[in-house]
Amino acid sequence: MHIRNLNDEFAEAMARDGHTKIFQNLDGGRDEEYERPGQAEDDDIYEWIRKLYRDSRGAELPGMVNPSVLESMFRQQTVAWKPIASQYIGKVARAVDDFNHAIFDKLIGDEGIRDHLMARLREQNQEAVKRAGDELASLLQCERGGILQTVNHYFAETLANIRQERTLRRLEAMGFRDGNYFCLDQVVGAVHLSNEDQAVEDIHDILKAYYKVARKRFTDNVVLQVAERHLLGANGPVKTLSPEFVMNLEDSELEHIAGESYVTSSMRNDLASRVDRFQKALQIAKSASI
């Protein structure tokens, strides 16, 4: 239950705070799906894209988009992914640790054994958390450090729909409607944009369509490949204590975990010695008819 709640919180945080710039709708307004409180009203994503596009122009032809520009913009747009995901993994690790403490307190009455066992498991649990951190770093590198790629049909469909809608909006702005006679020159004039404006719009639409696909993919992968595999899976802290774990312990380790302390052992030996003396005294008393 706690992990499911944390998963939902993580997905909401990624959707709300995962992006640096707020994407826009086709009418020029902010897309409500990416709105968040406290974002500056004058923080225009188109101005940001235009500046980066101009600053990064190189050997490509005018109006063409350099793929490295999109990669750089995507990395800047996803800066918040690492702290959000790291905070989520930290919360999952603490939830697992709290669960283990509660279970151990309930099931292991001997405080000494409980403390020794938890100390013995602490190293394995720390290794599991480290593996989770390494897996998260690998996912971040794949999503933010490499090339942009996807085989998800949603990306292509979304991009095609946005481009079609943009064309229709421009035609409607010029007064064109279904069934009306029109001039081809006017249609071309309504649809045509300058090379830079066309590039800026294309970058925005590609970045927006790809970002949504990548965000959902990354969110699922963090939950499944990091939290579930390394913290809740077979080698994670929840399932570290098992019959196999106990069977693989050395005799010295078992003695350290469950063996008697020196004080307890001394008291037991003293009591055993007293019992032995009392039994001998009883036998002597019986033989003497006392």
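Contact here means heavy atoms within 4.5 Å. In this predicted model, the buried residues of helix α3 pack against α2 (45–55), α4 (81–107), α5 (111–145) and α8 (195–231).

**Helix α3**
- Helix α3 spans residues 67–77, and its buried residues are Val69, Leu70, Glu71, Met73, Phe74 and Gln77.

**Nonpolar cores**
- In soluble globular proteins, nonpolar side chains tend to be buried together.
- The largest nonpolar core holds 48 residues, and Tyr88, Ile89, Phe218 and Val222 have the most contacts inside it.
- Beyond its neighbours within four places in sequence, Val222 is in contact with Phe10, Tyr88, Ile89, Leu136, Leu139 and Ala227.

**Packing of α4 with α8**
- Two packed helices are described by the angle between their axes and the distance between the axes.
- For α4 and α8 the angle is about 25 degrees, and the axes are 11 Å apart.
- Angles under 35 degrees count as roughly parallel, so α4 is roughly parallel to α8.
- The crossing of α4 past α8 is right-handed.
- On the α4 side, the contact is made by Trp81, Ala85, Tyr88, Ile89, Val92, Ala93 and Val96.
- On the α8 side, the contact is made by Tyr211, Ala214, Arg215, Phe218, Val222, Val223, Val226, Ala227 and Leu231.
- By class, this contact of α4 with α8 has 15 nonpolar residues, no polar residues and 1 charged residue.
- Tyr88 and Ile89 of α4 and Phe218 and Val222 of α8 take part in this contact, and these four have the most contacts inside the largest nonpolar core.

**Lys212**
- Lys212 lies in helix α8.
- The relative accessible area of Lys212 is 16%; buried means under 20%, so Lys212 is buried.
- Not counting residues up to four places away in sequence, Lys212 touches Glu33, Tyr34 and Tyr154.
- Lys212 and Ala15 are 197 residues apart in sequence, while their C-alpha atoms are 8.9 Å apart in space.

Notes. Residues are numbered from 1 along each chain as its sequence is written. This is a predicted model: local features need pLDDT of at least 70, side-chain atom pairs count only at pLDDT 80 or more; totals for chains, interfaces and linings use all residues. Side-chain values use heavy atoms; hydrogens and water are left out. Buried means under 20% relative accessible area, exposed over 50%, partly exposed in between (1.4 Å probe, protein chains only). Helices (H or I, at least four residues) and strands (E, at least two) are DSSP runs, numbered from the N terminus. A nonpolar core is a set of buried Ala, Val, Leu, Ile, Met, Phe, Trp, Tyr and Cys residues joined through side-chain atoms within 4.5 Å. Axes are lines fitted to C-alpha atoms, for helices over the stretch in contact, and angles run from 0 to 180 degrees between N-to-C directions. Angles under 35 degrees count as roughly parallel, over 145 as roughly antiparallel, 65 to 115 as roughly perpendicular and the rest as oblique. A crossing is left-handed if the near helix is turned anticlockwise from the far one by less than a right angle, and right-handed if clockwise. Ala, Val, Leu, Ile, Met, Phe, Trp, Tyr, Cys and Pro count as nonpolar, Asp, Glu, Lys and Arg as charged, and the others, Gly among them, as polar.
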